[in-house]
Amino acid sequence: MRLRVHQQRALTALGTAWDAGHSRAWVVLPPGVGKTLVGLETAQEAIDDGAKVVVLSPNTAIQGQWLRQAAALGLDGSLSRDLDADLTSLTYQSVAVFGDPDDDPDDDPDDEAETGESHLARLHDNGRALVSALRTAGPLLLVLDECHHLLEVWGELLGEILQLLPDARVLGLTATPPEALTKEESALVGTLFGEIVFSTSIPAVVREGDLAPFADLVWLTAPTPSEREWLRGSAERFEELLTALTSADLGTVPFLTWLDRRFVARSDGAPTWGELAKASPDLATAALRAHHRGLLALPEGATLTEAHRRDPSAEDWVALIGDWVRGHLAASEAEADQEALAAIKQALPAVGYSLTRRGIRPGRSPVDRVLARSEAKTTATAAIVAHERLAHGDSLRLLVVTDHERASATLPVDLRGVIAEQAGSARAVLTTLCAHTDDVLLVTGATVAGPAATLSALVAHIAESDPALAAGLAVEPGEAYARLVGRWGSRQWVGHVTRFFEAGGCRVLVGTRGLLGEGWDARSVTGIVDLTAATTSTAVVQLRGRSLRTDPERPDKVAVNWTVVCVEEEHPRGDNDWKRLVRKHTGFFGADEDGSVVDGVGHIDESFSPYAAPPESDFETVNARMVARSEDRTAIRERWRIGEAYADVAGRTVRVRLRRAGVLRTPAGAVLAPRPPGFRLLEGRVPEWRLPAKGALAAAVLVSIGLAVALGAGSGATPLLGGVAGGLWALWAAYAYRDGTRIASQLRRRPTVGAVGAAVADALNAIGQTTVGADGLEIAVDSDGSYRLHLTGVPEEESALFAASLEEALSPIAAPRYLISRPVLGDLSPLERLRLGISGGHTAEREAWHAVPSSLGRRAADAKVFRTAWEHWVGGSSLLYTASPEGAGVLAAQRGADPFDVTAVIRRHWS
C-alpha cells in the first residue's frame, strides 16, 4: 500500500524516536490523512520484533476500522480481551469498567470516589483482568487512537495503568493540534504520550493533494418575526439598566465615576495599565471599548487595537458592572447602592447572567437557545441544499449535522410559542427538507427516516448484500416522513445507509454530530451544513474532517463547508451565534479569496472580524457572495495551489485597508528598497541631498572656470570654455531643481506601507527582538487594494511581535511613551525648489507625529534605535518622551490623531 507523504514522514520520525530510546511518542495528523495506517505500520514492526499490540480507541466504529484495515494488511486481529492475537482492538471503555458491570457503562473514571482511592482500586474484576493481561503480555506496543479523549475522560486512569507497564511502548495518535490543549491537558500529555515526534497541519496535507481543497462558508440569517419580538422584549430591561448606568443618579459612587477611578485616575501605588491588562485581560478590553464609546478617557499606557475599536458587548458590560459590584456596591450599606444592586439583579437575567452573593455568574441563557435553535436556520439550510444541488447535480453528497435527533428538554414557559418544541433538531430539519426534496435521509443512533420512496430504495439496496436483513425491515408511514423499522441496530444500519448514500441513493444525509462525526467515513461527501453548537477543538476538527477526504471516483473533488449563523443586532447578546462561529474557526486555517491561507473567520470572508458580526443590512450581500464562491469550485481549488512548496509554519500578517484612495500607496509588485544613497533627513528636519553625479557637475564647472582664467582673456579657448561652463551651470541648476522637486514631493506625502514596516522590522532586529529585519519583510497587494505585510523566516512569536508593533505604528495615536515625527512641507515656489536642490536644506513648515510602538518604546535606547531606522526608511525626525513637558504638550494636541488614515488588523497566516 502506497504511503502518503505525511504518513512516511510520521513513520520516519517514529523510527528515530524509538531508536533514540524513547518509549512514548505522540503523532498529530488531521482526519483523513491515515493515522490508522501509520499505527498499523508501526504495529507490524512491533509484531515482527515479537511484541503484542493493543489498540485502544474511543468507540466501536473506530475499533472496527482497526480490525478491517489490519486484516487488509494480513495482520492477525481480535476483539478479545484475552490478548491472544497479534493485534487486539479494544475501546477505552473496555478498560474503564468500574464497580458492578451492570452499572452505567458511561461511568466517568475522572469522578474520584469519596474515599479518594485510586482509579485502579475502583476497577471491576473485568477491568482488573484486562490490566493483568496487559502486564503479562510480554513486549507490548500500546496504540492510543484519538488520544485526545484521554485528556477529557480516561487520562488519569490510563496514567495509573502505564505506571504498571514501564517497558511498554506507547503511541498516541490524534487529530487535535497541540496548541488547542489547555494547560492542564498539556501537562497530562507529557505524562501519557511524551513529546510530539511528528505533527502536520490540514493546509500542508491539502497542498500535498492528500486532502480535498475546501472552502469554509457562512450563511447569515436573522431570527423569525416571533423570535425577534421576544428577543427585543427581553433586551428592554438591560437597555434600561445601561441608560441608568450612564446617569449620575445610580449609587453613591456612580458607575462612570467608578470606571474613571478604576482605570484612568488611578491612585499612587495602583497597578500600571500593563499589569492590570495582564491580570484581567477581559476587564481591560471592556474598559477600552467603553473608551471607544466615549464613556471613559483613555487610560495612561493603553493602546487601542482592532479588538477595542468597537462598542462594549454584553459580556463587556457585565465585566465592568461586576467590577463595580465587587469593588464598591457589595461592600456598601448605603440605600442608593442597595437600590443599584436591586436594579442590576433584575436586569441581568435578560442576558443570561445572575447576581449572587459571590458576584455576577453566567447562567443558561434563553437568548442563546433561541439563536442556536432558530427556525430561520432550518429555512436557511433548505436554501443551502437547493444551491448545492444546482452546483453539483447528481454528484451532490451533502451532510447536514445537528447536535440532537430531537430536543429532549421541555421548553421554558417564556419560550413557548416563540420557537417550536423540536426546533434545531435533526427531525425538524428532516421535516423541512422532505417538503422540498425526496432524496434525503435521516440517520441517528436510534432512527432511520425519510421519504417513503427513498426508504424503499434503501431496503432494496440492503437486499443486494443482506437479503435476510432486508426481509425483516418495513417502511412505517408518518405525517411528515416515514421511518424504517425492524430487528436491527445502529451498528448495522449506519454501514448500509453510508453505502446507499455514497452510491447516490440519497444525496442529502441528516444526522447528529455523535454519529456522523468522529469515526464515520464517506469519501464522496461534497460538503457539510453545520447546525451544531459545539465549539471544542476536537468537535470542530472531527466534523470538518468528514468532508476533506479525497474521493478516488472524483479526483477533482472540492469540499464546501457551510455554517448557519443567526444574529439579532438589536439584542446585547444577539451575536452569540456569531461568537460561536468565531470559536469554531479560531486556530483553523483556510484559503481566502486572494489565495492566502489564514486562521479564523478571515478565511471565510476578508471583511469578517472576530469581534463583531456584519450588520443585518449586509446579510443578503454576504450570502450572495458565499453562494457565488461555492459555485466556483475551480477557483477554490486554484487558491490552494496544490503541489507548490510550503514551509508548514504559521505567522502573523498585518492587513492594511485604505480608508480613501491614494493613502499609503505602494505599487503592486514594487521591490522594497531603502532611499537612494546620499539622501538622508538630518536632525532638526533639514533635508540634505548629496549625489556623486551632482558633485561631478559642480567640479566640472569649477574646472572650466579655472581653465578659462588660467588661459587668459586672449586665448581663443576662453569663449569655448565659457560656453562649456555656462552649459554645465545650466545642467547643474536643472539637476538641482529636479532634486529639490523630488525632495519636496517626498516630504509632502505620507510614508509608504513598506517604509513604515521596514522601519519597524529593522528596529526590532537591531534591539534583538527578531532574528531578521527589513530583508525579511514581504508585502502583497490584495484584489481590493489593501495590503498584507508580514515578517518571513522567523518563529511565530517574532512574527506576532512585528505585527503588533506595526499595527500600533499605523493606528491613531493613543498613549505611547514616545512620539516620532517626520517633516511636512507645503508647496514650494520654483526658486525655493532650486534652493532646496542646491543647498540640501529647508525648514519644514510643520511636523506629522506618529506613535512609537510600545515594543520599541519601553526604554529610551530602544526608541533611539527606532528613530535611526525611521530616519533611514521614512525621513528625518524628532523623538519626544511623552512624560516630558514638551512631549506631554504634543501628545495632548495629537491624541486621537490618525496620521495614516488606514485600518490595520492582524491575522494569523500559514505558509
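Q: What covers the buried residues of helix H18?
A: The cover includes helix H17 (375-392) and strands E11 (398-402), E12 (440-443), E13 (448-450), E15 (482-486) and E16 (508-512). Buried means under 20% relative accessible area, exposed over 50%, and partly exposed in between (1.4 Å probe, protein chains only). Helices (H or I, at least four residues) and strands (E, at least two) are DSSP runs numbered from the N terminus.

Q: Is this experimental or predicted, and how are residues numbered?
A: This is a predicted model, in which local features need pLDDT of at least 70 and side-chain atom pairs count only at pLDDT 80 or more, while totals for chains, interfaces and linings use all residues. Residues are numbered from 1 along each chain as its sequence is written, and side-chain values use heavy atoms, with hydrogens and water left out.

Q: Back to H18. How many of its residues are buried?
A: 7 of the 9 residues in H18 (426-434) are buried. They are Ala 426, Arg 427, Ala 428, Val 429, Leu 430, Leu 433 and Cys 434.

Q: And the protein as a whole, what share is buried?
A: Buried residues make up 53% of the 911 residues. The protein has 33 helices and 29 strands. Contact means heavy atoms within 4.5 Å. Among contacts between residues at least 6 apart in sequence, 74% join residues at least 24 apart.

Q: Where does Val 143 sit?
A: Val 143 is in strand E5, residues 140-145. With a relative accessible area of 0%, Val 143 is buried.

Q: What is Val 143 in contact with?
A: Setting aside neighbours within four places in sequence, Val 143 touches Val 53, Val 54, Val 55, Leu 56, Trp 66, Leu 171 and Leu 173. Leu 173 is 30 residues away along the chain, and its C-alpha lies 7.5 Å from that of Val 143.

Q: Which loop holds Glu 146, and what is its phi?
A: Glu 146 is in the loop between E5 and helix H7 (148-163). Its phi is positive, about 45°, although Glu 146 is not a glycine.

Q: Buried or exposed?
A: Glu 146 counts as buried because its relative accessibility is 6%.

Q: What about Asp 648?
A: Asp 648 has a positive phi of about 55° and is not a glycine. Its loop runs between helix H26 (633-639) and strand E21 (650-658). Asp 648 has 25% relative accessibility, so it counts as partly exposed.
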